[in-house]
Amino acid sequence: ERLHGHNYKVGVRVHGSKKIANDGYVVDFGNIKKVTRKVCKELNEHFLCPMLSDVMDISSNDGNITLSCQDGSHFSFPESDCAKLPIVHATTE
């Protein structure tokens, strides 16, 4: 069983061309919802690990992800429970 998770809100920013398609839309919102749901399902029940963090050193060794914080504390998670994301910060606040 994976580590317990938290609930998050997801925001999606869409950029489209200034040209409107033949159907009168810039983008089909149904396609955006489908992709967003797929990504959320892949992240569900995973620790969201901000791999580009500017306040933690993050290392991967022997199947674990270790976070070393500025205050000297260390946290280790099974790598299979982590979603390693190209972001700077993740929070449940």
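Mentor: Start with pairing: two strands pair if DSSP finds at least two bridges between them. Strands (E, at least two residues) and helices (H or I, at least four) are DSSP runs, and their numbers count from the N terminus. This is a predicted model, in which local features need pLDDT of at least 70 and side-chain atom pairs count only at pLDDT 80 or more, while totals for chains, interfaces and linings use all residues. Residues are numbered from 1 along each chain as its sequence is written, and side-chain values use heavy atoms, with hydrogens and water left out.

Our part is the sheet. Strands of a sheet pair through backbone hydrogen bonds, either parallel or antiparallel. Here three strands form an open sheet, and the pairing is antiparallel. Read the order as E2-E3-E4. Strand E2 (56–61) and strand E4 (74–78) are the edges, and each of them pairs on one side only. From one strand to the next, the twist averages 20°. Such an angle is taken between axes, which are lines fitted to C-alpha atoms (for helices, over the stretch in contact); it runs from 0 to 180 degrees between N-to-C directions.

Take the pairing of E2 with E3. Six bridges join these antiparallel strands. Find serine 60, then look across: isoleucine 65 in E3 stands opposite. Now follow the chain around the turn. The hairpin of E2 and E3 has two residues between the strands. Aspartate 62 lies in this loop between E2 and E3. Check its backbone: phi is near 55°, a positive value in a residue other than glycine. Aspartate 62 counts as exposed, at 73% relative accessibility. The cut-offs are simple: buried means under 20% relative accessible area, exposed means over 50%, and partly exposed is in between (1.4 Å probe, protein chains only).

Now cross to the other pairing. E3 covers residues 64–69, and five bridges join E3 to E4 in an antiparallel run. Asparagine 64 has proline 78 in E4 as its bridge partner. Threonine 66 stands opposite serine 76 in E4. Serine 68 faces histidine 74 in E4. Read those pairs in order. The turn comes next. E3 and E4 form a hairpin with four residues between them. Glycine 72 sits in that turn, with a positive phi of about 95°.

Lysine 84 and glutamate 79 meet through their side chains in a salt bridge (2.6 Å, N to O). That term means a side-chain nitrogen of Lys or Arg within 4 Å of a carboxyl oxygen of Asp or Glu. Lysine 84 is partly exposed, at 41% relative accessibility. Glutamate 79 is also partly exposed, at 24%. The whole structure holds two salt bridges.

For the other one, go to helix H1 (29–43). Glutamate 42 and lysine 38 join their side chains there (2.8 Å, N to O). These two are four residues apart in helix H1, so about one helical turn separates them. Glutamate 42 is partly exposed, with a relative accessible area of 47%, whereas lysine 38 is exposed at 54%.

Glutamate 45 lies in the loop between H1 and strand E1 (47–50). It is partly exposed, with a relative accessible area of 47%.

Finish with distance. Asparagine 22 lies in the segment before H1. Asparagine 22 is exposed, with a relative accessible area of 87%. Between asparagine 22 and aspartate 57 there are 35 residues of sequence separation, and their C-alpha atoms are 49 Å apart in space.

To recap, hold on to the order E2-E3-E4. Count six bridges from E2 to E3, then five from E3 to E4. Then place the two hairpins, with aspartate 62 in one and glycine 72 in the other.
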